[in-house]
Amino acid sequence: MSREKWGTKLGFMLAAMGSAVGLGNIWRFSFVAGNNGGGAFLLLYLLFVILIAVPLLLTEVSIGRRAQSDVVGSYKKLAPGTPWFLSGFFGVFSAFLILGFYCVVAGWSIYYFWNYLTGYFSTQPEAGYGAAFGEFTSHSWQPLFWVALFMTLTIIIVVSGVKKGIESANKIFMPLLAIILIILAFYSLSFEGASEGVRFLFSPDWSAFSDPGIYIAALGQAFFSLSLGMGAMLTYGSYLSNDHKLPGATIGIGLMDSFFAIISGIVIFPAVFAFGIDPASGPPLVFITLPTIFEQIPFGGIVGLVFFFALVLAALSSSISILEVPTAYFMRIFNWSRRFSSILTGAIMFVLGIIVSLGFGIWAGVTPIGENNILDSMDYIASNVLLPLGGLSMALFVGWYFTKEQALDATDFTGSRVGNVWYVIIKFVAPISILLIFLNALGIL
Ligand code: PFF
Ligand code: NA
């Protein structure tokens, strides 16, 4: 059976954007920025996106397109008899880790959507949105129902295949999300006290740069947000044929993803300050601030409904790309059907999701890393360690294992001046920057 392919280049673009734009832009971006000083974080984040992440995105997609295989198979095919494929294993492992917590937050989003549908969240619950969130997430099985629902939807799309499932879904999801967020940003800016939030996001407090945690946080966010370093983009690239040019496409994906992050920052921080919420409240941030905004605005109940609907779509278009990584890998090595492979993989991720969810209830005292609960710990390892390591190995692979001719050819950069800049970045600049940021995070530098 021949491998599946995208229907059109636009289909690939939308799917890759769908993978990039997700909970990372709204939920994760806002609490990581909130924890790390706002403006200073945003500046570093954008720097890393331009300098490291977008060039690496091109690198990752081009590996998949050249090899026409999954994340492990691509390394095996392009570098037979070498240990490079181990970096593909890291990718498969990261996929489990990430979807294991991603599905929990996505489940919360569906729950919110449901509560706007029934009208329950249209007015503030008696104890307040913060308490309602805490009560819901600490319940033992209630959140799991929504997580299971989310994983089922993810599996259904992946089972339907690359073109009929993944590509079609993204064509609807993405435009809808953009429109909703832009409207909300205007609303949020209209609040009294909004300017403080805008200042928080756009004027860097320079002293924040002396906090070593900010560098690794910005790097991790850049990788997470662009779906980089675990093979999701590589696998999507493997469904592309050679007649589509890559550099423009990857810049488009990077721009779009940053646009969504900034817009959601403009939605969230003005409201955070206008309502006196602590910007460093961590993962629950958007689940408390947004309903608070919605309650204040005309037709807020409908806005909340539409917003959480869009958030679920954004989460879905990302989760399918995460599930696709191990699905494609198991399909090849065990000769499994797409259906069997995705159901089994999704089920394992759901089990991880149970563990993560209980980390907000009966296992709230379990803190694997420092003071971080189970979700934060898994997120920290995946986003700040595994993804940058995966990206580092991709850069080294194309920068040092490939010849320069092969590298330029794989990225459609042959004979291009920009291509030379890209090559210097992935050969030297990106690997060295990632290493320096690691050393800094370890306290060595
Ligand atoms: N980029 C997604 C987001 O911002 O929500 C999350 C993600 C998707 C991370 C795919 C990693 C990945 F491979
Ligand atoms: Na993102």
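Colleague: Which residues does S19 touch, not counting those up to four places away in sequence?

Modeller: S19 touches S227, A232, M233, Y236, S317, S318 and S321. Contact here means C-beta atoms, placed from the backbone, within 7 Å. This is a predicted model: local features need pLDDT of at least 70, side-chain atom pairs count only at pLDDT 80 or more, and totals for chains, interfaces and linings use all residues. Residues are numbered from 1 along each chain as its sequence is written, while chains are lettered from A and ligands numbered from 1 in the order in which they are written.

Colleague: Is S19 buried or exposed?

Modeller: Buried, because 27 other C-beta atoms lie within 10 Å. The cut-offs: buried is 20 or more other C-beta atoms within 10 Å of a residue's own, exposed is 12 or fewer, partly exposed is in between, with C-beta atoms placed from the backbone. S19 lies in helix α1. Helices are DSSP runs of H or I, at least four residues, and strands are runs of E, at least two, numbered from the N terminus.

Colleague: What about ligand 1? How many residues surround it?

Modeller: 15 residues, and the closest are G22, G24, S227, A232 and S318. The test is a C-beta atom, placed from the backbone, within 6 Å of the molecule.

Colleague: Which helices supply at least two residues each?

Modeller: α1 (9-20), α2 (23-35), α10 (213-225) and α14 (300-334).

Colleague: And how does that shell divide by residue type?

Modeller: 7 nonpolar, 8 polar and no charged. Ala, Val, Leu, Ile, Met, Phe, Trp, Tyr, Cys and Pro count as nonpolar; Asp, Glu, Lys and Arg as charged; the others, Gly among them, as polar.

Colleague: Switching topic. How many helices and strands are in the protein chain?

Modeller: 18 helices and 0 strands. Of its 445 residues, 56% count as buried. The C-alpha trace spans about 65 × 50 × 40 Å along its principal axes.

Colleague: Which residues have the most contacts inside the largest nonpolar core?

Modeller: A53, L57, C103, A218, A222 and V312, in a core of 158 residues. α14 gives the most to this core, with 19 residues. Such a core is a set of buried Ala, Val, Leu, Ile, Met, Phe, Trp, Tyr and Cys residues joined through C-beta atoms within 7 Å.

Colleague: What covers the buried residues of α15?

Modeller: The cover includes α5 (85-117), α7 (142-159), α14 and α16 (374-401). Among the buried residues of α15 are S341, M349, F350 and V356.

Methods
Two residues are in contact if their C-beta atoms, placed from the backbone, lie within 7 Å.
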